[in-house]
Amino acid sequence: MISTKNIHFSYGKGTKFDFPDITAQDGDTLLITGGSGKGKTTLLHLLGGLLKPQSGEIHIEDTNIATLSDKKLDHFRGKNIGLVLQQSYFVASLNVLENVALASWLATGKQATEKAKELLEQLGLKDQLQKLPSQLSIGQQQRVSIARALINEPKLLLADEPTSSLDDENAVIVADMLSGLAKQYGTALVIVTHDQRLKERFSNQITLS
């Protein structure tokens with residue numbers, strides 16, 4: 001599970017954010033919405049340990065990641081946090097299967113190739129394993145990102161605008177895949193979005209204002 005308390009963050013002397021406390025249990029989906037400039041992506045980066053708050057607590061199970069050193073945070077993130085970013089970043093020279101397996105090697109020192117294959121097949125990519133990411137559609141790339149984020153069975157899965165570039169059909173598919181896999185793996189799922197289509201699918205929501 002994830003819970004936060006009194007998170008404050010600012011970019012230098014400029015924009016300041018005071019975020020509401022949030023909680024998401026294992027297997028649950030929490031939707032974070034809000035207009036442009038309200039701090040949605042900033043909050044997601046804080047939850048993922050990519051940014052550190054000026055004050056406040058971010059607990060993933062029993063660990064307050066806001067207190068970890070950079071080295072310990074990198075290690076913790078690799079094992080416990082999965083990220084599905086708005087822009088999919090891959091190693092261009094590696095095929096789909098290798099890109100997903102690489103994430104397990106970076107976190108554990110071992111390539112979980114068979115597990116990567118199972119995840120990709122579960123996500124409907126059985127025939128795409130040997131292709132380069134650049135040969136896939138945007139929707140397929142998004143599913144590869146989901147597989148990569150789940151390969152280490154994280155306690156927390158974070159998704160930043162996962163459906164914004166998808167048509168209605170693929171947006172529904174990706175949203176259902178994310179929530180279904182979160183339940184399957186017992187992972188707390190937090191989705192940051194302005195996509196109105198997702199607001200109709202998930203009842204557990206917080207709006208930043």
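The buried residues of helix α5 pack against β7 (81–84), α3 (96–108), α4 (113–122), β8 (156–160) and α6 (168–185), where contact means heavy atoms within 4.5 Å and buried means under 20% relative accessible area, exposed over 50% and partly exposed in between, computed with a 1.4 Å probe on protein chains only. Helices (H or I, at least four residues) and strands (E, at least two) are DSSP runs, numbered from the N terminus. The structure is a predicted model, in which local features need pLDDT of at least 70 and side-chain atom pairs count only at pLDDT 80 or more, while totals for chains, interfaces and linings use all residues. Residues are numbered from 1 along each chain as its sequence is written, and side-chain values use heavy atoms, with hydrogens and water left out.

Of the 13 residues of α5, 11 are buried, so this helix is largely enclosed by the rest of the structure; among them are Gly139, Arg143, Val144, Ile146 and Leu150.

In the loop between α5 and β8 lies Glu153, whose phi is near 50 degrees, a positive value in a residue other than glycine. The loop between β8 and α6 holds Glu161, which likewise is not glycine and has a positive phi, near 45 degrees. Glu153 counts as partly exposed because its relative accessibility is 43%, whereas Glu161, with a relative accessible area of 6%, is buried.

Strand β8 belongs to an open sheet of 5 strands, which has the order β7-β8-β9-β4-β10 and parallel pairing, two strands being paired if DSSP finds at least two bridges between them. The edge strands are β7 and β10 (205–208), each of which pairs on one side only. On average, neighbouring strands of this sheet are turned by 15 degrees against each other, direction ignored. Between β7 and β8 the parallel pairing extends over 4 bridges, and Val84 stands opposite Ala159 in β8. Helix α2 (residues 70–80) packs on the sheet, where it touches β7 and β8, and its direction makes about 75 degrees with that of β7; axes are lines fitted to C-alpha atoms, for helices over the stretch in contact, and angles run from 0 to 180 degrees between N-to-C directions. Helix α6 lies across β4 (29–34), β8 and β9 (188–192), and runs at about 155 degrees to β9.

A salt bridge is a side-chain nitrogen of Lys or Arg within 4 Å of a carboxyl oxygen of Asp or Glu, and by this rule the count comes to 8. One of these joins Asp74 to Arg77, with the closest N and O atoms 3.0 Å apart; both residues lie in helix α2, 3 residues apart, about one turn of the helix. An α-helix has 3.6 residues a turn, so residues three or four places apart point the same way. Asp74 is partly exposed at 48%, while Arg77 counts as buried at 16% relative accessibility. Asp70 forms a salt bridge with Lys52, the closest N and O atoms being 4.0 Å apart, and this pair links distant parts of the chain, 18 residues apart. A further salt bridge, between Glu61 and Lys155, has an N to O distance of 4.0 Å and connects positions 94 residues apart.
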